[in-house]
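Have a look at the picture, then read on.

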Amino acid sequence: MTRSNSSSPFPTLDEAVLAGKRVLVRVDLNVPMENGRITDLTRIDRILSNIREISEKGAKVIILSHLGRPKNGPEAETSLKSVAVALEHELKHLVFFASDCVGPVAKTAVAALRNGDILLLENTRFHAGEIKNDPAFVEQLAELGDLYVNDAFSTAHRAHASTEGIAHKLPAYCGRTMQRELEMLTGMLAYPERPMAAIVGGAKVSTKLELLGNLMRRVEYLFIGGGMANTFLSASGKNVGKSFCETQLAETARKIMADADAANCQLVLPIDAIVSTRLETNAQTRAVDVDHVGENDMILDIGPRTIAKVVGVLAASRTVVWNGPVGAFETPPFQMGTVAIARVAAELTRVHSIQTIAGGGDTIAALNQADVFNDFTYVSTAGGAFLEWLEGKLLPGVEALRGQKAA
């Protein structure tokens, strides 16, 4: 197929003729649910403008998504039917719903569409062929559309039928949400304003070894917080009491510290901590230097001196990337360190002192808690895909689009 010559390595909607076409649009409607109610509309809000544009250009919009991890086919709790209602409300446009994503039900629903109509198909993961990227299932999906638009960066790390397979069967384009994500990630991370700093938190070093390895070669400052920091402190000879700690990774932690030094990356660890003997709301706490953690203490947040040190890193930087909270932020009062850093980073962003990019589910929750979500330069709603991009990995859903771009 022929593409126009554009500076973007990915075909975008600017290059697509949409009027009168059946357009399969892969989005991420894997929204958090409680008792059948959506608790966070962020992912829905992000895709609205893309869907509106395709509809307003006269296409028949056929939306594909998954929800949750159904094990044995269709199940009520992971049906997209209730999401269709929320999507319709946010779009302020009628959204039809089909109770299957392939077969006679889907074909009939697609055939009934008029130009500009919007149809949401049922959970793609109700079929085993989705995760297996089964060629027969890919064909069933592809026959429902004339064009394919991937607007789900957050699922691009999966080589599934609806995220990667269809891109090889139909003319494929990058949706506006994914286009924006790729532009921000490429621009800010591949060609950052320097100095560049990374804040990496969360519980386990074992889940972020590749991330740390890639970041230390790309940033001038790397701050490690959360439960991860305990492993590094322990490997440095500090007593961490009853804190969560992956002691089996002590040698790995020491190698990371040595590699960071060799890469001229300043690795920053907590110098004081908020400790308690209980991880529960309003537990009694005290601030201690990391050299004075008691045998029964748990490190649950960074202390005031560490906050000041991280603020100094932010002030010395021009680009900041953040993944993972630096304390047990879900449980007051152990959110203080994460919230304080988030608010300082947001303020520095507002005055154009730094550019900030953040991603990951817990990170988004922390930014919302600090009420600064909209103040960061860019917040990625992707979890695993955002991490794998930071780790330097190729994402199947992105590469499938890149392969469609002709000179």
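How much space lies in the largest cavity? About 110 Å³. This is a predicted model, in which local features need pLDDT of at least 70, side-chain atom pairs count only at pLDDT 80 or more, and totals for chains, interfaces and linings use all residues. Residues are numbered from 1 along each chain as its sequence is written, and side-chain values use heavy atoms, with hydrogens and water left out.

**The hidden space**

On a 1 Å grid over the protein atoms alone, a cavity is a set of points where a 1.4 Å probe fits but cannot get out, while a pocket is an open set with protein on both sides within 12 Å along at least five of seven lines; lining residues have an atom within 4 Å of a point. Grid points are joined across faces, edges and corners, and a volume is the space filled by probe spheres set on those points. Counting this way gives 1 cavity of 30 Å³ or more.

Among the residues lining the largest cavity are Asp 28, Arg 43, Arg 46, Asp 151, Phe 153 and Glu 181. Helix 1 and helix 7 each supply at least two residues of that lining. (Helices, H or I with at least four residues, and strands, E with at least two, are DSSP runs numbered from the N terminus.) By type, the lining of the largest cavity splits into 4 nonpolar, 3 polar and 5 charged residues. Here Ala, Val, Leu, Ile, Met, Phe, Trp, Tyr, Cys and Pro count as nonpolar, Asp, Glu, Lys and Arg as charged, and the others, Gly among them, as polar.

**The open pockets**

| Pocket | Volume | Lining residues | Lining by type |
|---|---|---|---|
| Largest pocket | about 950 Å³ | 49 residues | 21 nonpolar, 19 polar, 9 charged |
| Second largest pocket | about 300 Å³ | 18 residues | 8 nonpolar, 5 polar, 5 charged |

In the largest pocket, Gly 202, Pro 325, Phe 329, Glu 330 and Asp 362 lie nearest the centre. Elements giving two or more residues to its lining include helix 1 (42–56), helix 9 (226–235) and strand 12 (272–276). Helix 13 gives the most, with 6 residues.

For the second largest pocket, the residues nearest the centre are Phe 10, Leu 182, Thr 186, Trp 389 and Arg 402. Helix 7 (176–190) and helix 15 (396–402) each supply at least two residues of its lining, and helix 7 gives the most, with 6 residues.

**The sheets**

Two strands pair if DSSP finds at least two bridges between them. Strand 7 (residues 147–150) runs parallel to strand 8 and is joined to it by 3 bridges; Val 149 has Tyr 173 in strand 8 as its bridge partner.

Another open sheet of 6 strands, also parallel in its pairing, has the order 11-10-9-15-16-17. Its edges are strand 11 (266–268) and strand 17 (378–380), each with a single partner strand, so one side of each is left without a neighbour in the sheet. Strand 10 (residues 221–224) pairs with strand 11 over 3 bridges, and Tyr 221 stands opposite Gln 266 in strand 11.

One runs from Arg 194 to Pro 195, with omega near 5°, and Pro 195 lies in the loop between helix 7 and strand 9 (196–200). Another runs from Pro 332 to Pro 333, with omega near 10°; Pro 333 lies in the loop between strand 15 (319–323) and helix 12 (336–350).

Lys 92 is not a glycine, yet has a positive phi of about 55°. Is Lys 92 buried or exposed? At 73% relative accessibility, Lys 92 counts as exposed (over 50% relative accessible area, with buried under 20% and partly exposed in between, using a 1.4 Å probe and protein chains only). Asn 133 has a positive phi too, near 50°, but is buried at 19% relative accessible area.
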